[in-house]
Amino acid sequence: MNIPFSPPYIDKDVLDEVLDTLQSGWITTGPKVKALEKLSAEIAGVQQALCINSWTSGAMLVMKWLGIKEGDEVIMPAYTYAATALAVLHAGAKPVMVDVLDDFTINPEAVRKAITPATKAVITVDIAGWPCDYNSIKKVLKEEVDKFVPANEVQQKLERPLLMADAAHSFGAVYYNKPASLAADITVFSLHAVKNITTAEGGVIALNLSTPFDNEAVYKWMRLNAMNGQTADALTKTQKGNWRYDIVSDGLKINLTDVCAAIGLAQMRKYKTKLLPDRKRIFNHYSRFFATKDWAIVPPAINTERESSYHLYLLRIRGVTEVQRDKIIQLVADAGAAVNVHFVPLPMLTLFREMGYEIANYPVAFDNYHNEISLPIYSQLTDEQCTFIEEQIEKAYNAVVK
Ligand SMILES: Cc1ncc(COP(=O)(O)O)c(C=O)c1O
């Protein structure tokens, strides 16, 4: 067997949509991006969604909109991908890392302890597609509101730190019977090559700000600032006689192209009917197998509050050391199945370690990490391949531990 970890889903509809764009005479930001924004907004349950060229650049734009600067603090889990923290560092602010719960999501009580007058935002991470405990986090933000010191007009309107969801993994996840993106003020999705929906590289900012914010006005501000702060986009300028433009802010240049949007558009049209159910089938296949093994800790998928987007299968092997976990991964890889680890907690990475973050301060993050193995999930994976992966994990476990 040769089972890759995360090949993209490229069917005839994707190829046709991309070809249509290539032959249309317009390949950068235009009608396909608009269509993808509309469909993303529909699935995310919000009125406004802006496509950008990555989650990372989208988060940087949100930080810019919020007026984040040196001296500000943004709270986030220690257990995430580096981009969550890098977006904050790029704004000149400090990522304040807190520990997670056993289900890998940010610990609301740890958020409470981390709030200071410098706190301007909390970034929650729906890791593997499993939504955070948003109600508890919102309750904490409300109860600690006295500490909030707004420094500009946007922050004054918010009246508390921004709640931004890192939903790089959780497009399509559910929180209390609604899209999980309705639980935060702003939700940023990733459309990177390995995500549930991809545009090769890309992202979506879903706006769900409450009054007095006007989400359409925020969308317009963000669109402008995703394109050099230029008043007329390239497509508008191609219309005859319509050449005049102005630069009105020091915007980023992070717009998504139509060629890339075409890939995601074709995928997104079948997300709810095919791609998401396929992911669920694979997730449940693994869970049926591992739930019968006393050495396996099965990740959460669904309960009365939440349903995952089934992005990653974060299996944990009870009682193994990091070295044993790595040996299991090697044996499974040798047998022909690619498995992975999501993620090395941020304080264990050189950049953050050298900045003074210490993994000893995040015991649950380390505990979740050291025995974690991510199994592949994607539409093309057959039940036979799932069975093979399960058997290889069990075989490797027996070889390494017993
Ligand atoms: C949790 C998390 N946040 C952010 C990102 C960054 O996404 P992008 O590559 O689209 O910038 C990733 C990408 O893997 C991620 O896993």
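A crossing of two helices is left-handed if the near helix is turned anticlockwise from the far one by less than a right angle, and right-handed if clockwise. The views below come from a predicted model, in which local features need pLDDT of at least 70, side-chain atom pairs count only at pLDDT 80 or more, and totals for chains, interfaces and linings use all residues. Residues are numbered from 1 along each chain as its sequence is written.

**View 1. Helices α3 and α8 pack against each other.** Helix α3 (residues 55-66) passes helix α8 (residues 215-225) in a right-handed crossing. The angle is about 115° and the axes are 11 Å apart; axes are lines fitted to C-alpha atoms, for helices over the stretch in contact, and angles run from 0 to 180 degrees between N-to-C directions. Leu61, Lys64 and Trp65 of α3 meet Trp221, Met222 and Asn225 of α8 (contact: C-beta atoms, placed from the backbone, within 7 Å). Helices (H or I, at least four residues) and strands (E, at least two) are DSSP runs, numbered from the N terminus.

**View 2. Helix α11 bends at proline 277.** The bend is about 25°, taken as the angle between axes fitted to the seven residues ending there and the seven starting there. Helix α11 (residues 271-290) has 20 residues and spans 27 Å from its first C-alpha to its last, close to the 28 Å expected at 1.5 Å a residue (1.5 Å times one less than the number of residues). Its buried residues include Leu275, Ile282 and Phe290. A residue is buried if 20 or more other C-beta atoms lie within 10 Å of its own, exposed if 12 or fewer, and partly exposed in between. Among the elements that the buried residues of α11 pack against are α2 (31-44) and α15 (383-401).

**View 3. Alanine 261 sits in helix α10.** Alanine 261 is buried because 28 other C-beta atoms lie within 10 Å. Not counting residues up to four places away in sequence, alanine 261 touches Lys32, Val33, Leu36, Cys51, Thr199 and Leu256.

**View 4. A cis peptide bond joins threonine 211 and proline 212.** Omega is about 15°. Proline 212 lies in the loop between β9 (203-207) and α8.

**View 5. Asparagine 177 has a positive phi.** Most residues other than glycine have a negative phi. Phi of asparagine 177 is about 65°, and the residue lies in the loop between β6 (174-175) and β7 (178-179). Asparagine 177 counts as exposed, because it has 9 C-beta neighbours inside 10 Å.

Terms used: Contact = placed C-beta atoms within 7 Å.
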